Amino acid sequence: MRGPAGVTSSRALKHVHSLADMRARARRILPRPVFDFADGGAEDEVTLAANERDFDRHVFLPKPLRGSPQRDLSVKLFDGRLAMPVAIGPTGLAGLFWKGGELAAGRAAAGAGVPYCLSHASVCRIEDLPAIGGAPRWMQVFVYHDRGFTEEFVRRAAASRYDALVLTVDNQMLGRRERDLRNGFTIPPTFGPSDILAMAAKLPWLMRMRGELPKITFANYVRDGQPGDLRSLSRQMVSLLDPSLSWADVEWLRRIWDGPFILKGILHPDEARRAADLGVDAVVVSNHGGRQLDGAISSIDALPGVAAAVEGRIPVLLDGGVRRGSHVVKALCLGATACLVGRPHLWGLSVAGEAGVTHVLRTLGAEIDRTMGLLGVTRIEDLGPHLLAKRA
Ligand SMILES: Cc1cc2nc3c(=O)[nH]c(=O)nc-3n(C[C@H](O)[C@H](O)[C@H](O)COP(=O)(O)O)c2cc1C
């Protein structure tokens with residue numbers, strides 16, 4: 001990036017060598033309630049911790065004597081190729097971390113040649129994302145009591161030529177994120193005198209967002225003649241979600257959406273098999289980043305069962321705890337086609353907007369490349385379980 005913004009960004013990104021460094025930087029920048037809103041998980045955060053930790057149960061068995069001067073990280077997904085096996089997953093309120101956060105992240109994804117998935121709860125509107133062009137764009141939706149409301153989201157995504165529809169199935173009731181309760185995190189965020197005292201170090205973020213905070217809302221839910229503020233809409237949104245979601249809804253969405261249709265939040269092999277039977281185009285093995293059902297299996301532990309169940313009929317994607325390129329490579333060895341990242345891109349956004357997300361994606365790409373090189377693998381297709389052992 002050039003110009004004054006580039007100068008700030010490159011300074012902000014100095015010494016950010018890993019996604020963990022980016023998290024530490026974001027933690028310093030963001031007011032605690034905002035950092036914890038992204039960072040936290042449900043209840044005791046057991047699943048949140050397991051998502052990262054369980055990658056370590058798999059260790060590499062390299063074959064370095066098949067060396068090669070360069071690697072090809074590209075993968076086929078649906079009718080296209082991704083530059084690397086990574087996508088940015090849907091996260092609500094990305095615009096809380098950086099002004100125009102969703103658009104900045106979408107641009108970074110386009111620059112890196114990977115998909116960007118817009119959350120139903122984006123600060124920008126479904127219709128705003130196409131303007132950035134480039135990246136495959138995916139739209140994430142929920143099933144509401146009023147199916148017409150879900151259908152409206154689907155029609156808007158189709159009209160804006162989104163490339164894939166993602167139905168998230170693990171959020172029909174809200175998990176209890178106790179960090180938010182302890183921090184008194186409200187939507188929109190409000191800060192009391194004690195927060196403000198503790199926030200001297202957060203001034204740059206506050207200054208950057210000061211004009212923005214009062215405007216932040218769930219833009220996709222704003223309707224003429226109805227209250228459009230974030231507080232009213234967030235209350236309304238929870239009551240819109242229908243916990244009696246069923247396979248009939250999956251069949252219905254399959255019928256009304258022509259392009260690739262992805263189910264996100266699949267952990268059980270039976271559900272993955274049924275999804276493939278019903279014409280779903282891909283599943284995302286996910287526990288919502290440990291934000292919903294605490295005690296749920298980690299994503300990496302659920303992956304082999306799901307991959308075995310679908311028998312290669314549809315691509316299996318994974319998210320949850322991906323913090324290193326080596327995590328992506330392990331997931332691919334165990335049957336995934338690509339991994340989504342949630343929190344890491346929000347850390348990148350918080351630190352340097354588009355440049356920060358680009359840095360996250362480049363870091364992951366370089367790590368995937370290095371891991372493959374050290375494993376003795378040239379092409380993604382050559383990754384497999386033969387390159388892993390299970391730690392005793
Ligand atoms: C702040 C935040 C907001 C999220 N909002 C959504 C959402 O609106 N829809 C959705 O399907 N998943 C949402 N997720 C879950 C992510 O898509 C993804 O499953 C999860 O973050 C992956 O784990 P990771 O953060 O460890 O990469 C959200 C996650 C975070 C951290």
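Which residues come nearest the ligand? Of the 24 residues around the ligand, the nearest are Ser119, Thr168, Gly289, Gly342 and Arg343. A residue is near a molecule or strand if its C-beta atom, placed from the backbone, lies within 6 Å of it. The shell around the ligand has six nonpolar, 14 polar and four charged residues. Here Ala, Val, Leu, Ile, Met, Phe, Trp, Tyr, Cys and Pro count as nonpolar, Asp, Glu, Lys and Arg as charged, and the others, Gly among them, as polar.

The model is predicted: local features need pLDDT of at least 70, side-chain atom pairs count only at pLDDT 80 or more, and totals for chains, interfaces and linings use all residues. Numbering starts from 1 along each chain as its sequence is written. The pLDDT, the predictor's confidence in each residue from 0 to 100, averages 93 over the chain, and 95% of the residues score at least 70. Over residues 1–6 pLDDT stays under 50, and the model has three contacts beyond four places in sequence for them. Two residues are in contact if their C-beta atoms, placed from the backbone, lie within 7 Å.

Next come the helices. Two packed helices are described by the angle between their axes and the distance between the axes. Helices (H or I, at least four residues) are DSSP runs, numbered from the N terminus. Axes are lines fitted to C-alpha atoms over the stretch in contact, and angles run from 0 to 180 degrees between N-to-C directions.

Helix H5 (residues 101–112) and helix H15 (residues 343–375) have axes that come within 8 Å and cross at roughly 15°. H5 is therefore roughly parallel to H15 (angles under 35 degrees count as roughly parallel, over 145 as roughly antiparallel, 65 to 115 as roughly perpendicular and the rest as oblique). Their crossing is left-handed, the term for a near helix turned anticlockwise from the far one by less than a right angle, with right-handed used if clockwise. Residues of H5 including Gly101, Ala104 and Arg107 meet residues of H15, among them His345, Leu349 and Glu354. By class, this contact has seven nonpolar, five polar and two charged residues.

H15 also packs with helix H14 (residues 325–333), at an angle of about 60° and with the axes 7 Å apart. H14 and H15 are therefore oblique to each other, and their crossing is right-handed. Gly325, Ser326, Val328 and Val329 of H14 make the contact with residues of H15 that include Leu364, Glu367 and Met372.

Key. Helix = DSSP H or I, 4+ residues; strand = E, 2+ residues; numbered from the N terminus.
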